[in-house]
Amino acid sequence: MVTPLASIIGSGFLVLGPILAHGFGAWAPAMMGVLCLAAWAFGAAIRANIARLGDTPGPETRLEQLASALLAFAYVISVAYYLNLFGSFAVQLGPWQDQWVARLVTSVVFVLILVLGYGRGFAMLERAEYLTVTLKLAIIAGLLAGLTVFFGGAVQTGGLFLPQGSEQGWGALTLGFGLLVTVQGFETSRYLGDSYDAGTRIRSMRLAQGVATAIYVVYVLLLVYAHHVPEGALSETAVIEMMRDVSTLLPWMLIGAALAAQFSAAVADTGGSGGLIAELSGQRISARQGYLVLCLAGLALTWTADVFQIISYASRAFALYYMVQAAIAARHATGARRFLWGALALLAAAIALFGQPVEG
């Protein structure tokens, strides 16, 4: 369970609360529930595919190869998403807190990952990933504890309020579409076949999604009714300012959690993307060359798009992957299930087409 859970509760956890509070106001917890429900549905389609393939899957079909290609593409964008958030949170530690410096930090980390990926240091980074995941989950547990205490105090003093959202109608719907990537990560279980049987992978995804849903919904409930979103343009690091009322130590802990989350996720997805690119190309492109492609694309995104745009791009890319997974499930299903998976594939297509970024 820990492997997919660590992927789901990653970078998006810290940016999602302020985004939902700003965009949906008092309806933020309901929107969080809708996002988790959509993720559960897409996870169910992937679980159906895991069950069908079993422990010894045969050669991949064209649709499965397309899904792998789309996942590799999604990884490229998600690494840019992770490392741009890394840069945004990292500059909070110093006096130069502007976008140019954040992009420079992101670029340096991209180059570091590329250099180590080409050498022998990538395995070392992967080992460090386990430590950063532990640190991230521990700090998130501390965040929830602090929010619970603060929320309880607000109840006693009458400090709760109903925030107003900035989005309505179609704008709210497309904003929700653009946030799919923040609850993504459960598909990790699909690719652990070398280590675990199909039943274990299915259970791991269900447990991870159940625990993540509980954490996400509780987090948003505790946040939106007791903390005001900072005035002005919404920032990807707004959660830091919102947590200053809870504890003077908590913002610094969140910066540590953010850096750990982004770095570990970027390393994992870089490795996954390189391997997928090598596999899809029939080894004509090596994993190392795949790292180069990923880093160059990530650097291009870093200097041409802001973090909220990259989040939207990543959501669209993962939606395309989920669309194909749902289509595969529909192809091998009958009756009501075929209709369900087909409708889910159409929903994913709509997310890919209409998902919009947050207005910063």
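Predicted model: local features only at pLDDT ≥ 70, side-chain atom pairs only at ≥ 80, totals over all residues.

Student: Let us begin with helices. At what angle do helix H3 and helix H8 pack, and how far apart are their axes?

Tutor: Helix H3 covers residues 28-53 and helix H8 covers residues 198-224.

Student: Which classes of residue make up the contact of H3 with H8?

Tutor: The contact of H3 with H8 has 17 nonpolar residues, together with 5 polar and 3 charged ones.

Student: May we look at one residue of helix H3? Where is Ala39 placed, and is Ala39 buried or exposed?

Tutor: Ala39 belongs to helix H3. Its relative accessible area is 4%, so Ala39 is buried, the cut-off for buried being under 20%. Leaving aside neighbours within four places in sequence, Ala39 is in contact with Val183, Phe186 and Gln209. Sequence and space may also be set side by side: Ala39 and Thr182 are 143 residues apart along the chain, and their C-alpha atoms are separated by 9.9 Å.

Student: I now turn to aromatic rings. How is a pair of them described, and how many aromatic pairs does the structure hold?

Tutor: A pair of aromatic rings is described by two values, the distance of the centres and the angle of the planes. The structure holds 7 aromatic pairs. One of them is formed by Phe42 and Tyr322, with 5.2 Å from centre to centre and 15 degrees between the planes, and this pair is stacked. Phe42 is in helix H3 and Tyr322 is in helix H12, 280 residues apart, and the pair thus links distant parts of the chain.

Student: Are Phe42 and Tyr322 buried or exposed?

Tutor: Phe42 has a relative accessibility of 1% and counts as buried. Tyr322 is buried too, with a relative accessible area of 1%. Tyr322 also pairs with Phe318: the ring centres are 6.3 Å apart and the planes stand at 35 degrees, so this pair is tilted. Phe318 and Tyr322 both lie in helix H12, 4 residues apart, which is about one turn of the helix. Phe318 is buried as well.

Student: Which residues do ring pairs link into a cluster?

Tutor: The cluster consists of Phe42, Phe186, Phe318, Tyr321 and Tyr322.

Student: Helix H12 has been mentioned several times. What joins the side chains of Gln325 and Asn49?

Tutor: A polar contact of 2.7 Å joins these two side chains. Gln325 is found in helix H12, which covers residues 307-331. At 3% relative accessibility, Gln325 counts as buried. Beyond its neighbours within four places in sequence, Gln325 is in contact with Ile46, Asn49, Ala67, Arg190 and Tyr191.

Student: How should I read accessibility in helix H11? Are Thr302 and Val293 buried or partly exposed?

Tutor: Each residue is to be read separately. Thr302 lies in helix H11 and, at 0% relative accessibility, counts as buried. Its contacts, leaving aside neighbours within four places in sequence, are Asn84, Arg103, Thr106, Ser107 and Phe110. Val293 lies in helix H11 too, within residues 287-304, but at 46% relative accessibility Val293 counts as partly exposed.

Student: Where does Ile285 lie, and which residues does Ile285 touch?

Tutor: Ile285 lies in the loop between helix H10 and H11. Its relative accessible area is 34%, and Ile285 is partly exposed. Not counting residues up to four places away in sequence, Ile285 touches Ile277, Ala278 and Gly290.

Conventions. Residues numbered from 1 in each chain as written. Heavy atoms only, no water. Helix = DSSP H or I, 4+ residues; strand = E, 2+ residues; numbered from the N terminus. Buried < 20%, exposed > 50% of the residue type's maximum accessible area, 1.4 Å probe, protein only. Polar contact = N/O pair within 3.5 Å; in protein donor to acceptor, adjacent residues only side chain to side chain. Contact = heavy atoms within 4.5 Å. Axes fitted to C-alpha atoms, helices over the stretch in contact; angles between N-to-C directions. Nonpolar A, V, L, I, M, F, W, Y, C, P; charged D, E, K, R; others polar. Phe/Tyr/Trp six-rings, centres within 6.5 Å; stacked < 30°, edge-to-face > 60°.
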